[in-house]
There are 2 protein chains.
Amino acid sequence: MSLGWTGILASHCKLVQSQSGRSFCRWISSAVQRGSNYAELNQADVAAFTDILGSGGVVQDETALDAANEDWMGKYKGNSKLLLRPKTTQQTSDILKHCNDRRLAVVPQGGNSGLVGGSVPLFDEVIVSFASMKRILSLDKVNGALTCQAGSTLQELDDHAREHGFLMPLDLGAKGSCQAGGFVSTNAGGLRFLRYGSLHGSVLGLEAVLADGTILNSMQTLPKDNTGYDLKQLFIGAEGTLGLITAVAIRCPFASTSTNLAYLACESYEAVTEVYRRARRELGEILSAFEFLDRQALELTKQHLENVKDPLPSTNTQFYLVVETSGSNAEHDMAKLEGFLTDAMEEGLIADGTIAQDTGQAQGIWGLREGISVALRHAGATYKYDLSLPPPALYTMVEVMRQRLSHHDVRVVGYGHLGDSNLHLNISSADWKEEVRKEIEPFVYEWTAEHGGSISAEHGLGQMKPECIRYSKSPEMVGMMHRVKDLFDPNHILNPYKLLPQRTQ
Amino acid sequence: MSLGWTGILASHCKLVQSQSGRSFCRWISSAVQRGSNYAELNQADVAAFTDILGSGGVVQDETALDAANEDWMGKYKGNSKLLLRPKTTQQTSDILKHCNDRRLAVVPQGGNSGLVGGSVPLFDEVIVSFASMKRILSLDKVNGALTCQAGSTLQELDDHAREHGFLMPLDLGAKGSCQAGGFVSTNAGGLRFLRYGSLHGSVLGLEAVLADGTILNSMQTLPKDNTGYDLKQLFIGAEGTLGLITAVAIRCPFASTSTNLAYLACESYEAVTEVYRRARRELGEILSAFEFLDRQALELTKQHLENVKDPLPSTNTQFYLVVETSGSNAEHDMAKLEGFLTDAMEEGLIADGTIAQDTGQAQGIWGLREGISVALRHAGATYKYDLSLPPPALYTMVEVMRQRLSHHDVRVVGYGHLGDSNLHLNISSADWKEEVRKEIEPFVYEWTAEHGGSISAEHGLGQMKPECIRYSKSPEMVGMMHRVKDLFDPNHILNPYKLLPQRTQ
C-alpha cells in the first residue's frame with residue numbers, strides 16, 4: 001500500500017512493519033526528523049494537564065494510546081505518550097497555552113478517518129482529542145443554522161438536522177466517525193458537494209484556539225457578515241496547523257422529500273461527459289450527485305466484495321454512472337429524470353440503465369460506488385491519488401497511466417466525483433513495489449500540474465504529501481503560507497510536519 | 001444624507017459642501033488624519049509611473065480626477081492628484097512596488113459603486129483604476145468556470161456567461177458598473193445569494209498583487225483543491241486592504257430556462273416568516289429570491305418614482321413579498337408555485353397576490369423593489385443601515401426604531417433580502433439632523449449586536465464605519481485582523497483608513 005510520498009522524498013524512504021502485526025508499507029522520510037525545538041513531555045507537564053482537565057481527561061493508558069497513535073488504515077503510526085480529552089474551549093485554550101509555553105508539539109484528533117495521516121502524530125506529539133466535546137448547541141428552525149462542538153460526528157449532526165427537516169451540506173463514507181472539527185479542518189468534499197458546494201460557503205462561523213491559547217470566536221450563524229477579514233476561512237482546510245477548531249456553525253439546507261437514483265452504462269468517456277453536460281442542464285436544480293466508475297473499478301469490486309450486486313449484469317461497457325436527483329416533488333423529479341434518460345438513450349449516449357425502485361436497490365447502487373475503496377484494500381497494495389482535473393483531461397489521466405504501467409501486473413482503476421472534476425486514481429497490485437511507485441510518481445503530479453489540475457482535490461496533504469504542494473501552488477503562494485503559519489503559530493507547535501513543505505533556506 | 005459615522009466618532013464630525021455644488025453631508029472625522037508615514041507624490045513618481053504605463057495610463061487631468069475622487073452617491077470625496085490605469089498584472093505589480101518603496105498610499109478603484117466609500121481616497125492616495133483591465137479570459141463550457149481580468153463589469157460577465165447557457169452567481173443593481181475586482185473585494189451579496197450562496201463558495205481562483213509587488217496567482221478553475229491554506233479567501237471582502245485583485249475565476253451555474261415572479265401581500269411579520277419557511281420547503285430547489293418591503297417602503301417609492309406601479313393597488317397590508325422561482329421546467333415550476341400560493345392563501349398567510357404574466361410585469365415588480373433606494377434619495381436625507389439579524393428579530397428592529405423616533409418627523413423604512421436575514425433599515429427625513437442620528441447611533445449597532453446580528457451584512461465597512469467592527473467582532477478577532485494586515489501590507493499603503501479601526505495603543 002503506497003503512502004504516495006513524492007519523488008522528492010523517495011530516496012529517503014524505508015519500509016517498516018506495523019505494530020499491529022499486519023504487513024503494510026509505511027514510509028518515513030529520513031528528511032523528516034523530530035524537531036529539535038520541541039520539548040519532551042515530563043511529569044510536571046502531566047500534572048499541569050491534570051490540573052486543567054482532571055484525571056479523567058488525561059490518558060496514558062497504552063491501549064488507548066496505541067489506538068490514537070495509528071490512523072484507521074494502519075498506514076501511519078506515531079509514538080505519542082499522552083492523549084488529552086478537553087471538555088470545553090477554555091480547557092483547550094489552557095492546554096495549548098501550556099504546550100506553547102513549554103514548546104510541546106500537539107496533534108489535534110477528531111474521528112481519525114482522514115486519508116493523509118493528518119490526525120496522528122509522527123513522533124511524540126501530545127494528542128488532543130475532541131471526543132469529549134460533542135454537544136450539539138443549537139439549530140435555527142427557520143434558516144437551518146446548526147452550531148455544535150468540534151467533536152460531534154457528521155452522522156449525529158445529520159440525524160439531528162433531519163429530525164427538523166434539514167440535512168448536513170456534506171456526506172462522506174466516514175460519517176459515523178468523522179467529526180465537525182475534522183471535516184472542517186480538512187475541508188471535506190464528499191457526495192453532496194455537487195449540490196451544496198464547498199464548506200467555504202456552508203460554514204457560517206467557527207471558534208478556534210490559537211497556539212498561544214487565544215480563543216478566536218466568530219460563531220456567527222447568519223449567512224451574511226461583511227465586517228472585516230473573514231479569518232475563519234483560513235482554518236477551513238488548514239488541517240489543524242493554524243489553530244484547533246473547538247466549535248462550528250454550519251448552514252444546513254432543507255432536506256428534499258424526493259430522491260431518485262439511476263445507474264447508467266456508457267461506452268465512451270466522451271459519452272460520459274456529454275451525459276454530464278446534459279444532466280446539468282436538464283436535471284438542473286434537482287441534480288444532487290454525478291459519480292462515475294470504470295469497468296476496472298466495477299470488476300475489482302465485484303471480485304472482492306460478496307455483498308455487491310452488479311445493477312446491470314448484462315452490460316459490458318467501459319463506464320458506469322451513478323446519477324442522483326433530490327427535489328421537493330416526486331412526480332416532477334421522476335418526469336425530469338425519465339425524460340432526460342429517454343433522450344440520452346435514444347441518442348445513444350447511454351447504452352443501458354436502471355432506476356432504483358426502492359431504498360434497498362438505491363442502497364445497493366451506493367454500496368457498489370462506496371465499496372470501491374474497501375475492495376481496493378482487499379485486493380492488495382494500492383497506490384492512491386486524489387486528483388482534480390478539468391473534465392476533458394480527467395479520464396485521459398487514467399488511460400495515460402494504464403499505458404505507462406502496461407508492463408506491470410497492476411490494475412489501474414478510475415472512479416470519483418465527476419460532477420466535481422474529482423478523480424480517484426488507484427493503481428492496485430498484489431504487492432507493493434518501489435519500482436512501480438517510481439514510475440507513477442512524480443509523473444502523476446507533473447501530469448496533473450501540466451493539465452491545470454490539483455494534486456489533492458479533497459483529501460488534503462497531511463503527512464502524506466506536504467512536499468507535493470509545489471505541484472499545485474507557486475513558490476510565492478507557499479512562501480505566503482509559511483508566513484501565515486508563523487503569524488498564527490510562531491513556535492510551530494500545532495500539527496508539525498504536515499500540510500506545508502519543509503522550508504528551503 | 002447620513003454617512004452613518006458611529007457614536008464613537010460623532011464628536012469629531014463636521015459638515016462640508018460638495019465640490020459638485022449639491023448640498024450633502026460629508027463627515028470627516030478629525031480623528032482620521034492623513035498618515036504622517038505616507039510620502040507626497042512628486043514629479044519623479046509621475047515619471048516612474050509613466051515609464052511603467054506609458055503616458056496613456058497616467059491621468060492628471062482635473063475632470064477625470066474629480067470623477068475618480070468622489071463616489072457615485074456624492075458622499076465621499078478625496079483629493080488624489082493621480083489616477084493610474086494599468087493594463088496588465090505586471091504593470092500593477094510594478095506600480096505597487098514603486099508605491100511601497102516610496103510609501104505612497106494607494107486606493108484601488110473598480111466601478112466605484114460601493115456604499116461605504118471604500119473605493120475613493122480620503123486624502124491624496126494614488127488611485128489605481130482597473131478600467132483598462134477588462135478582458136474575459138475563458139469560460140469552461142462543461143463546468144461553467146469563468147476567468148476574467150479585474151475590471152470586467154458584472155453585466156459584461158453575465159452577458160458572456162448567458163451566451164453559453166450559464167449565469168453569474170450574483171446580481172446587483174449596480175451590475176452595469178461594478179467590476180469583478182470590486183465585487184470580490186467587497187464580498188458582494190445581492191439578489192442571487194439565496195440560491196447560489198456566498199462568493200466564498202463561488203470564487204474558484206484569484207490573482208492578487210501584494211503591496212510589495214508580489215503576485216499571488218491561484219487562478220484555479222476547479223471546484224476542489226485542498227493543497228495548503230486557501231489564501232484567496234482572505235482577499236474576498238478585504239476591500240483592497242490586503243492586496244489588489246487583478247484577475248478572478250468564478251463558478252457560473254447553469255442558467256434556468258424558466259423563471260416566475262410573484263408579488264404577495266401579508267398582514268403581519270409572523271405571516272411573512274411563515275410564508276418564507278414554507279417557500280423554502282415547498283418551492284425548495286426552485287426558490288431563487290425572497291425579498292420583502294414594508295408599507296412605508298412601498299408608499300415612499302410610489303410617491304417619489306413616477307414609473308413605479310403598485311402591483312396590488314387595492315391592498316393595504318403592512319408587508320409585501322417578491323418571491324422568484326427559477327427552474328428547468330416551466331410547467332413543473334408553475335405547478336409548484338401555484339400549489340404553494342393556494343395553500344398559503346387558504347390558510348390566511350397571504351392576503352392577496354399576483355404572478356407576473358410576462359417579462360414586462362416582472363420588470364415592473366423588480367423595478368418597485370430595486371427602486372426603493374432611489375426613491376429614498378429623492379425623499380431627502382437618509383440614515384442607511386445594512387444589518388444582518390436572525391429572522392425573529394429582523395423586523396422587530398424596524399418597529400423598535402419607529403417607536404424610538406416617533407417624536408421626530410421621519411419615516412422608518414424596512415426592506416431587504418429576507419431569505420438571507422438581511423435588513424436594509426432606512427430612516428428618511430427631509431433634512432439631515434444630528435440629533436436624530438444620535439438617537440439612532442450607536443443604539444442601532446448595540447441592538448444588532450445584542451440580538452446576534454452583524455452591523456454590515458453585505459455593504460462592508462469602508463471609510464464609513466471601520467470603528468463599528470467592534471460591534472460584530474471580538475477584540476481578539478480585530479487584533480488578529482490587524483496582524484494579518486501587518487503581514488500582507490507592512491507599510492499600510494493599501495487603501496488606508498478603511499475596514500479596520502484605528503489601533504488602540
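## The model

This is a predicted model: local features need pLDDT of at least 70, side-chain atom pairs count only at pLDDT 80 or more, and totals for chains, interfaces and linings use all residues. Residues are numbered from 1 along each chain as its sequence is written, chains are lettered from A and ligands numbered from 1 in the order written, and side-chain values use heavy atoms, without hydrogens and water.

## A sheet in chain A

Helices (H or I, at least four residues) and strands (E, at least two) are DSSP runs, numbered from the N terminus. Two strands pair if DSSP finds at least two bridges between them. Strands of a sheet pair through backbone hydrogen bonds, either parallel or antiparallel.

Chain A has an open sheet of four strands, in the order E1-E2-E4-E3, with mixed pairing. Strand E1 (58-59) and strand E3 (106-109) are the edge strands, each pairing on one side only. E3(A) runs parallel to strand E4 (residues 126-129) of chain A, and four bridges join the two. A:Val107 stands opposite A:Ile127 in E4(A).

## An annotated domain

UniProt, in an unreviewed entry, places "domain: FAD-binding PCMH-type" at residues 76-255 of chain A. Such annotations may be inferred rather than shown by experiment, and positions follow the numbering used here, with feature names shortened. The end C-alpha atoms of this span lie 37 Å apart. The span is 23% helix and 21% strand.

## Where chains A and B meet

The contact (heavy atoms within 4.5 Å) takes 90 residues from chain A and 89 residues from chain B. Buried area is the accessible area (1.4 Å probe) that two parts lose on being put together, summed over both. Here the buried area is about 7100 Å², and carbon and sulfur atoms give 61% of that. A:Lys224, A:Asn226 and A:Tyr229 supply 15% of the area that chain A buries against chain B, more than any other three residues.

## Salt bridges

Side chains of opposite charge can pair when their charged atoms come close. A salt bridge is a side-chain nitrogen of Lys or Arg within 4 Å of a carboxyl oxygen of Asp or Glu. Six salt bridges cross the interface of chain A and chain B. One joins B:Lys224 to A:Asp420 (3.4 Å, N to O).

Within chain B, B:Asp66 forms a salt bridge with B:Lys77, with the closest N and O atoms 4.0 Å apart. B:Asp66 sits in helix H3 (residues 62-69) of chain B, while B:Lys77 is in the loop between H3 and strand E2 (83-84) of chain B. The two residues are 11 residues apart.
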